[in-house]
Amino acid sequence: MQQHNDLHNRCKYRCAIAMGIVILLSILPLYLISRYAYLSADDFSYLATTAPVWDATHSIGEVVHASASATVQRYFEWQGNFSFIFLTFLHPAAFGQALYGVTPVFVLTIFCAAFLFFCKVVLRNYMGASKVDFWLVSLPLLFLSVQYMYSPVEGLYWHPGAISYTFFYALGLVLLALLLLLIKAERAGMQIVIFALAVFLSIAVGGSNYSTVLLCVLVSLLLAIYCGLQRQRKQTVFLSIIFAILAICLLISMMAPGNALRQSQVGASSIPRGIILALVYGAYSFANATTLPAVVCFLFLIPLLYRLAQGSSFRFSHPLWAMLLLFGLYSSLGAPCFYALGFSIPERNINLIYFSYYLVVLLALFYCLGYLSRQSARLPRLLNALDELCNFYKRRFDTVFIAFCLIFTASCVGVCTITKGVDGSPAVAHLPAGVSAAQSLLNGEAKAFYTEMLERDQLCRSSEERDIVLSPLSAAPYVLAYMDITEDPNDWKNLCMAQYYEKNSITLQQK
């Protein structure tokens with residue numbers, strides 16, 4: 001029996017290593033294409049403040065000071081999210097436009113690390129997974145989160161979207177993982193260290209995008225209540241402090257005078273409308289994110305999660321309430337935007353909702369399978385079938401893994417669609433982000449895009465004309481191209497670009 005278990009574990013380790021290599025290779029093009037990322041839209045507005053400071057002083061301290069001053073000004077004139085506004089002004093390209101590609105490399109790395117850290121805490125510390133099972137469960141979910149990101153350009157390659165949403169969402173995942181570790185920590189020294197890190201992250205996350213802050217506020221409150229009911233007094237105090245810090249930072253951000261000025265331009269806000277739309281969109285996005293690759297992935301994970309749930313000490317006694325709670329937390333990610341903007345939600349915010357989908361389904365599956373495992377008297381046939389499936393996994397995991405890889409690959413191909421490109425030729429849509437990036441690198445589209453953007457920059461800097469007319473881009477890679485300027489000189493994107501280059505107007509050449 002022991003020999004059989006050792007063979008089974010070695011087989012799983014080999015499969016996990018193979019999975020890790022494939023996922024690393026799939027992410028590699030997303031790193032390689034970062035060198036071709038370029039400024040667009042709001043980038044010009046932020047850099048108009050900090051880039052001249054660097055050009056004049058070559059002092060990092062002066063750039064940081066300028067970013068802080070601009071953040072305070074924005075707080076009173078436009079927006080209260082002090083953390084992400086500061087980092088959006090503190091732009092890598094302020095120190096040279098060639099550094100713009102630093103953002104996607106940095107954000108993608110932080111997101112992957114944070115996602116895996118959160119999964120590690122949940123799977124290893126709470127579900128009791130072994131190291132190999134942790135990798136087998138978390139790596140496919142990471143693949144889906146990155147490769148099927150709703151908008152890769154807003155999530156990674158456009159600095160204001162990547163930093164203000166994806167980066168701070170990743171910090172939120174780290175914060176929530178630390179809070180979960182805090183509950184489990186027994187040594188006083190470890191509790192203090194985790195608490196100190198959580199306080200720092202709470203302040204940073206508290207001034208970030210409202211979706212991430214709201215989620216962290218709700219989860220920290222629920223964890224504090226849970227620890228109170230479990231009579232974990234020290235953890236209750238720690239978690240209550242974290243909740244208070246997050247709530248205070250959120251209130252400071254929300255009460256910014258600039259928010260009122262900005263809201264007056266987009267229309268009246270409404271709490272009931274925000275809640276209703278968030279729940280409706282939560283249901284829609286949940287269904288929309290349940291793609292064929294996601295279904296195949298979770299079907300593969302069911303036996304692994306069932307064994308973990310079967311051996312768990314949790315009672316799993318309230319499945320309905322647990323599902324409602326998870327759906328409520330999931331839907332809360334859309335509430336701030338719907339509250340402020342009505343029926344509008346930016347794609348960088350949708351990214352966060354889709355990231356959360358995979359984690360919510362993981363938790364929901366674990367709970368539901370745990371509930372089923374406690375129903376041996378009521379559902380003997382179903383549980384016998386699940387036990388047989390788990391035993392088959394143990395006997396023939398290599399076969400199961402190969403079959404999963406083939407079916408998962410087929411499902412990824414199956415969700416792709418053939419459309420018409422800009423020039424009328426056939427084009428493939430709904431590719432995984434890494435495949436799309438690799439395609440743009442191989443066919444020269446990414447390099448052509450970057451070259452044309454550099455030519456625009458050179459023209460705007462060298463021309464003595466005060467009114468600049470630029471040619472339309474001939475290349476627009478899916479993962480790189482964000483909002484381009486238009487033929488209207490009063491378009492906000494055109495105005496931002498004109499401000500940056502100190503021109504009267506910049507427009508796109510009429511077709």
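This is a predicted model: local features need pLDDT of at least 70, side-chain atom pairs count only at pLDDT 80 or more; totals for chains, interfaces and linings use all residues.
Contact here means heavy atoms within 4.5 Å. Residues are numbered from 1 along each chain as its sequence is written, and side-chain values use heavy atoms, with hydrogens and water left out.

**D133 and helix 6**

D133 is found in helix 6. Helices (H or I, at least four residues) and strands (E, at least two) are DSSP runs, numbered from the N terminus. Setting aside residues up to four places away in sequence, D133 touches K12 and L304. What is the relative accessible area of D133? The value is 11%, so D133 is buried. Buried means under 20% relative accessible area, exposed means over 50%, and partly exposed lies in between (1.4 Å probe, protein chains only).

Helix 6 itself has 17 residues, and its first and last C-alpha atoms are 24 Å apart, close to the 24 Å expected at 1.5 Å a residue. The expected span of a helix is 1.5 Å times one less than its number of residues. Because 15 of its 17 residues are buried, helix 6 is largely enclosed by the rest of the structure. For a sense of distance, D133 and E502 are 369 residues apart in sequence and 56 Å apart in space, C-alpha to C-alpha.

**Salt bridges**

How many salt bridges does a search of the whole structure find? The search finds 6, a salt bridge being a side-chain nitrogen of Lys or Arg within 4 Å of a carboxyl oxygen of Asp or Glu. Among them are the pairs in this table.

| Pair | Closest N and O atoms |
|---|---|
| D133 and K12 | 2.7 Å |
| R307 and D387 | 3.1 Å |

The salt bridge between D133 and K12 links distant parts of the chain, with D133 in helix 6 (residues 131–147) and K12 in helix 1 (residues 2–32), 121 residues apart. Both D133 and K12 are buried.

R307 forms a salt bridge with D387. R307 sits in helix 14 (residues 292–310) and D387 in helix 18 (residues 380–395), so this pair ties together parts that are 80 residues apart in sequence. R307 counts as partly exposed, at 32% relative accessibility, and D387 also counts as partly exposed, at 22%.

Is D484 buried or partly exposed? D484 is partly exposed, with a relative accessible area of 26%, whereas R456 is buried at 6%.

**Strands 3 and 4**

Strand 3 and strand 4 run parallel and are joined by 4 bridges; two strands pair if DSSP finds at least two bridges between them. D467 stands opposite S505 in strand 4. From strand 3 the chain passes through helix 22 to strand 4, and this β-α-β crossover is right-handed. Right-handed means that, with the strands pointing away from the viewer, the path from the first strand over the helix to the second runs clockwise.

In a regular strand the side chains alternate between the two faces of the sheet. In strand 4 (residues 505–508), S505 and T507 point one way and I506 and L508 the other way, and all are buried.

**Helix 17**

Helix 17 (residues 347–373) has 27 residues, which should span 39 Å at 1.5 Å a residue; its end C-alpha atoms are 39 Å apart, in agreement. Where is the kink in helix 17 centred? The kink is centred on Y357 and is about 25°, the bend at a residue being the angle between axes fitted to the seven residues ending there and the seven starting there. Since 21 of the 27 residues are buried, helix 17 is largely enclosed by the rest of the structure.

H159 lies in helix 8 (residues 159–184) and is buried, with a relative accessible area of 2%. Beyond residues up to four places away in sequence, H159 touches D43, L87, T88, L90, H91, P92, Y100, T103 and S164.

M254 lies in helix 11 (residues 233–254) and is partly exposed, with a relative accessible area of 43%. Leaving aside neighbours within four places in sequence, M254 is in contact with Y210 and N259. M254 and Y75 are 179 residues apart in sequence and 9.8 Å apart in space, C-alpha to C-alpha.
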